[in-house]
Every structure is written in structure tokens, then in C-alpha cells.
Amino acid sequence: MAAEQQVMLLTGASRGIGHATVKLLQSRGWRILTVSRQPFSDACAWPAARENHVQADLARLEDVERVAEVVRSRLPDGKLHALVNNAGISPKGPGGTRLGVLETDAATWTHVLNVNLVSIALMARALLPELSAAKGCIVNVTSIAGSRVHPFAGVAYAASKAGLAALTRELAHELGPRGVRCNAIAPGEIRTSILSPGTDELVTQQVPLRRLGEPVEVAETIHFLCSPASSYINGAEIHINGGQHV
Ligand code: NAD
């Protein structure tokens with residue numbers, strides 16, 4: 001009998017780390033359901049991309065249950081093997097400037113926290129029966145900015161990622177007894193469109209490996225955390241930053 005196909009829900013698949021993760025995991029036999037704000041694009045040339053796409057804006061918390069319902073209806077046997085919460089926003093000021101406490105208004109706080117933190121808690125809650133049925137796992141994409149002041153990431157982004165690290169611990173504690181593992185990955189400077197001018201200098205001065213990370217290097221770690229090779233890892237946050245945190 002053929003092995004059961006593993007199914008993942010990945011948010012923020014349209015570019016960057018999410019895009020690399022879809023490509024890598026599909027090449028390893030996974031079926032990936034994706035969530036993005038944009039309608040399906042023909043640029044997503046991977047197999048079955050169109051029927052596996054769900055359009056939603058995760059800032060709209062009232063839409064999370066609808067997304068979960070669509071996902072549920074597309075699972076052949078009610079099992080979801082992995083939920084990867086990768087979508088994230090890092091708003092900047094005029095000319096790409098950093099948004100500190102003084103520059104951040106209430107609407108920005110709410111938007112960033114809803115996308116980067118609250119929608120993730122609600123999605124995990126909504127899909128717990130399916131994750132539990134598969135003895136699946138959750139991977140949250142945090143950031144080096146969640147644990148130290150970063151020259152480009154703003155205050156709301158940093159606080160949301162610190163909150164997501166805490167949510168990861170809470171989920172590991174609460175869902176572990178149901179057989180669902182929850183871990184986080186904290187990227188540093190990865191070659192994507194989220195990077196700011198000045199990153200090259202920062203990499204030269206602060207990253208021991210003296211280079212940017214590639215999206216596929218992040219995707220490899222996500223794959224590891226979703227595979228049996230990490231079956232006893234729960235509640236961890238793995239740094240993917242060339243040693244920038246040391
Ligand atoms: P990116 O901006 O290229 O991708 C972010 C994805 O999230 C996009 O697909 C975007 O459409 C989606 N998204 C944003 N807001 C959304 C919303 N409201 N609803 C639905 N989808 C939404 O950035 P990336 O670098 O690939 O980032 C992926 C994750 O990695 C993010 O959580 C980011 O915070 C984190 N991260 C990235 C870096 C880096 O160096 N690139 C460093 C640390 C953390």
C-alpha cells in the first residue's frame with residue numbers, strides 16, 4: 001500500500017521563505033495547501049497549486065474560521081500533518097525607516113499583532129482536531145528581532161515575534177498531550193524582499209558566517225521540524241542566522 005501523503009497548510013506562500021518552502025516540501029512528496037492575500041497566480045507553477053490555494057487576509061481575524069473550514073473540506077481523511085505559520089508583516093516608515101514606539105500608532109499595532117500573532121493562535125485552535133488526528137506539528141516563523149533590538153525591524157514587529165515565541169511555548173505545553181508538537185524557527189537576515197538597505201553592512205559586521213541566509217536553508221529546517229527526524233523536539237525555537245545571535 002502507498003504511504004499516506006502528508007498534507008501541510010502554509011501561510012504566506014506567495015514569495016520569499018514561504019515560496020521556497022512550498023517548492024522544497026513538494027519535491028519531498030508533501031501536498032501543500034497555501035494561504036495568501038492575493039488570488040491564485042499562474043506564476044505559482046507547482047502541481048495542483050490552483051486547487052490548493054485559499055485566498056484570505058490574515059489581518060481579518062473573523063476570516064480565520066472560514067479559512068479553516070475550506071482547509072477541512074479539502075483534507076481527504078480529516079488529517080492535517082503540519083501547519084506552518086509563515087505569513088508576517090514588518091511595516092516601515094517613510095523611506096524604509098524603522099518604526100519605533102514614537103512612530104507607531106494604534107492601527108499599526110493592531111494590524112501587526114493580528115497578522116503576526118493573534119491569527120496564528122486562532123488558526124491553531126480552529127485546526128486542532130485535524131492536527132491531532134494526524135499527530136501533526138506546528139511551525140511558527142519568529143525572528144531574531146523577537147529577542148534583541150534590530151536596526152531595521154520596528155517595535156510592533158519585534159513585540160509580535162516575541163509574543164509568537166511565547167505562543168510557541170504555550171502551544172507546545174497545551175497541545176503536546178494531544179500528540180501535536182509545536183516549534184519555532186527564528187530567521188536572521190535571509191535573502192528576501194523583506195530586507196532593508198544596510199543589510200549588507202550588518203551581515204559583514206554581525207554575522208559570523210559573513211553572508212545572508214538563503215530561503216531554501218530556512219525551508220530545510222521547516223522540513224526537519226515537520227518530519228519524524230524531529231519527533232521529540234517540542235517547544236524549541238531554532239536560530240537560522242549564521243550565528244548572528246551569539
Ligand atoms: P515576505 O514579505 O517575502 O513574505 C511574507 C508573506 O506573508 C507573503 O507571502 C505575504 O503575502 C504574506 N502575508 C503578509 N501579510 C499577510 C496577510 N495579512 N494575510 C495573508 N498573508 C500575508 O517575507 P519573508 O522574508 O519570506 O517572510 C516570511 C516570514 O519570515 C515572516 O513571518 C517574516 O517575519 C519572517 N522573517 C523573515 C526574515 C528575513 O530575513 N527575510 C527574517 C526574520 C523573520
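Helix 3 (residues 106-126) packs against helix 5 (residues 155-175) at an angle of about 15°, their axes 8 Å apart. That makes helix 3 roughly parallel to helix 5, a label for angles under 35 degrees. This is a predicted model, so local features need pLDDT of at least 70 and side-chain atom pairs count only at pLDDT 80 or more, while totals for chains, interfaces and linings use all residues. Numbering starts from 1 along each chain as its sequence is written, and side-chain values use heavy atoms, with hydrogens and water left out.

- Helix 3 brings residues including Trp109, Leu113 and Ile120 to the contact (heavy atoms within 4.5 Å), and helix 5 brings, among them, Tyr157, Lys161 and Leu164.
- By class, 14 nonpolar, three polar and one charged residues make up the contact of helix 3 with helix 5.

**Thr142**
- Thr142 sits in the loop between strand 5 (137-141) and helix 5.
- With 3% relative accessibility, Thr142 counts as buried (under 20% relative accessible area, with a 1.4 Å probe and protein chains only).
- Its side chain makes a polar contact of 2.5 Å with that of Glu237 (a pair of N or O atoms within 3.5 Å, one able to donate a hydrogen and the other to accept it).
- Leaving out residues up to four places away in sequence, Thr142 touches residues including Lys161 and Leu164.

**Lys92**
- Lys92 lies in the loop between strand 4 (82-85) and helix 3.
- Lys92 is partly exposed at a relative accessible area of 28% (between the 20% and 50% cut-offs).

Notes: Axes are lines fitted to C-alpha atoms, for helices over the stretch in contact, and angles run from 0 to 180 degrees between N-to-C directions. Helices (H or I, at least four residues) and strands (E, at least two) are DSSP runs, numbered from the N terminus. Angles under 35 degrees count as roughly parallel, over 145 as roughly antiparallel, 65 to 115 as roughly perpendicular and the rest as oblique. Ala, Val, Leu, Ile, Met, Phe, Trp, Tyr, Cys and Pro count as nonpolar, Asp, Glu, Lys and Arg as charged, and the others, Gly among them, as polar.
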